[in-house]
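Please keep the sequence and the model at hand while reading the numbered points.

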Amino acid sequence: MADTVIRNVSIVDGTGSKMFGGDVVIDEGRIIEVGSATSKCNEEVDGSGFVLAPGFVDVHTHDDGALIQHPGMAFKVSQGCTSVVVGNCGFSAVPAVNGEKTLDLSNIESHWQDLEGYRRVVEDGNVAINSMMLMGHNTIRSLEMKNLRDQPTDKQLENMRQHVQKGMEQGACGLSTGLVYKPGRWSQTEEIIELAKVVSPFRGIYATHMRNENDQLLEAVDEALLIGKEAQVAVQISHHKAAGKANWGKVGASLSKIDAAVAAGRKVTLDVYPYTAGSGPMIQYFNLANPDKELAEAIQLASCPAFRQYEGRMLIDIADELGISPEDAVVLILTAPEGAKTICIQHVMNEADVITNLEHSLVMIGSDGLPDLEGRPHPRLYGTFPRVLGKYVREQKIVHLEEAVRRMTSLSCDVHGLKDRGRVAVGKWADLVLFNPNQIVDTATYEEPQQEAVGVQRVWVNGRSVYENGRHTGVGGGRVLRYNVA
Ligand SMILES: [Zn+2]
């Protein structure tokens, strides 16, 4: 007796191939039949009217701490996500000093030092979904450098290399940077090349939040491509965008550079979230001595421990109410007690660039959601995948369903080494989502962001049912995956 059969369902297999009808049988965590099922099963699921696809892979997350703090991962499971890539933007929960706060965005107390230790804690916590780690440059640099503005000595560089090496040996998929953030912004290209070289023998990737995503976007792409070339690694460009009105439209030129590199035989991919606003730690974006006016006027507050009453509001309205300039409001908020913990939303992109990204065959989907559930997080945390399938696939027909699913599944798994996942095929892991293609859409908004999407019917992770028609089952069994290991 096999575990589960989903009958008479429309199968979108993740490869980009045209949808086809059939049954899918799951047993002991794997897919054992696709087509006309002959197995007898314990559970029969009527799939008529629904699409069955590989579970979505959120390739750009900051869920390192959330996998421990919120093991049910409701905000991801409810979107149909079955795996997340953590350690992005140079911030990872490993390495860490046992007993101290992690040097990632979750900043929780660690009970581990390395990826093996982290894996043990996460997997012991009944976590609902799978994950894959990137080794974060900002984290490693913060651990090894005394003065973060310095350039590393040979010894410090060697110590940093060893952290990357150990992470790769323990199953990380590559190195990530966040070169707009402290302390990554103080590192020179050569330092990144030296660290990325460690990843090369593992055929790992270099994932980057580039040094600039506005006026110098194209120069930043050049740097990322140079690092990939010199270190002989695949390049993964995070949350591709052109921020600031003066730069709108530049993603086309940026993608052309990437197309040229790919045509020359290089491996380059990207990800995007389907929104025109970004989000991150507010303290990282402003020079307090001279806050940028255009940016200040584009800020909405997501998490603001100093002024909870301001969460969800535009800074410009708060400033107006207080009778001060938006720049002064920036300083007021960031210098208040706990002000440095503020997470903001920046409305700085344009819709046409989002669409240009979604149309490109190398662009995967990644939420970049920040799982601080005490505030009003950017709606991408709860809405990213259903929004692509509802707004951009069904309503606007920007991309076909099969192609969108490919860039949420098989491409994501291939790039990040989630072996034997991302396809509905015999022998693959049963990470699956059953959804209604006529209903699926996000409901999270900037004002009310913590709302689960509609249209997702069932989700299985490693063959176990974690979500059933709006109900989280509480079943665990998610794994911290090893790069290219099934
Ligand atoms: Zn980033």
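The points below take up the domains, the sheets, a helix pair and some backbone details.

1. Basis of the note. The structure is a predicted model, in which local features need pLDDT of at least 70 and side-chain atom pairs count only at pLDDT 80 or more, while totals for chains, interfaces and linings use all residues. Residues are numbered from 1 along each chain as its sequence is written.

2. Domains. The chain is assigned domain 1 (2-54 + 424-437 + 445-472), domain 2 (56-276 + 348-416) and domain 3 (278-347); such bounds come from an automatic or database domain assignment. Between the C-alpha centres of domain 1 and domain 3 the distance is 42 Å.

3. Helices (H or I, at least four residues) and strands (E, at least two) are DSSP runs, numbered from the N terminus, and two strands pair if DSSP finds at least two bridges between them. Strand β1 (residues 2-11) runs antiparallel to strand β2 (residues 20-27), and six bridges join them. Within this pairing, Ile 11 has Phe 20 of β2 as its bridge partner. Strand β2 is also joined to strand β3 (residues 30-35), by five bridges and again in antiparallel fashion. Asp 27 is placed opposite Arg 30 of β3. The two strands β2 and β3 form a hairpin with two residues between them, and Glu 28 in the turn has a positive phi of about 45 degrees.

4. The sheet of eight strands. Which order do the strands of the open sheet with parallel pairing follow? The order is β6-β7-β8-β9-β10-β11-β12-β16. Strands β6 (56-58) and β16 (363-365) are at the edges with a single partner strand each, so one side of each has no neighbour in the sheet. From one strand to the next the twist averages 30 degrees, where axes are lines fitted to C-alpha atoms, for helices over the stretch in contact, and angles run from 0 to 180 degrees between N-to-C directions. Four bridges connect β7 with the parallel strand β8 (residues 130-136), and Ser 83 has Asn 130 of β8 as its bridge partner.

5. The sheet of three strands. A further open sheet has the order β13-β15-β14 and antiparallel pairing. Its edges are β13 (278-281) and β14 (299-303), each with a single partner strand, so one side of each lacks a neighbour in the sheet. Four bridges join β13 to β15 (residues 343-346); in this pairing Gly 278 is partnered by Gln 346.

6. Helices α5 and α6. Helix α5 (residues 154-169) packs against helix α6 (residues 189-199) at an angle of about 30 degrees, and their axes are 9 Å apart. Residues of the contact include Leu 157 and Met 160 of α5 and Leu 195 and Val 198 of α6, contact being counted when C-beta atoms, placed from the backbone, lie within 7 Å.

7. Backbone details. Most residues other than glycine have a negative phi, and most peptide bonds are trans. The peptide bond from Val 94 to Pro 95 is cis, with omega near -5 degrees, and Pro 95 belongs to the loop between β7 (81-86) and α3 (115-123). Cys 89 lies in the loop between β7 and α3 and has a positive phi, near 60 degrees. A cis peptide bond also leads from Lys 182 to Pro 183, with omega near 0 degrees; Pro 183 sits in the loop between β9 (174-178) and α6.

Definitions and conventions: Contact = placed C-beta atoms within 7 Å.
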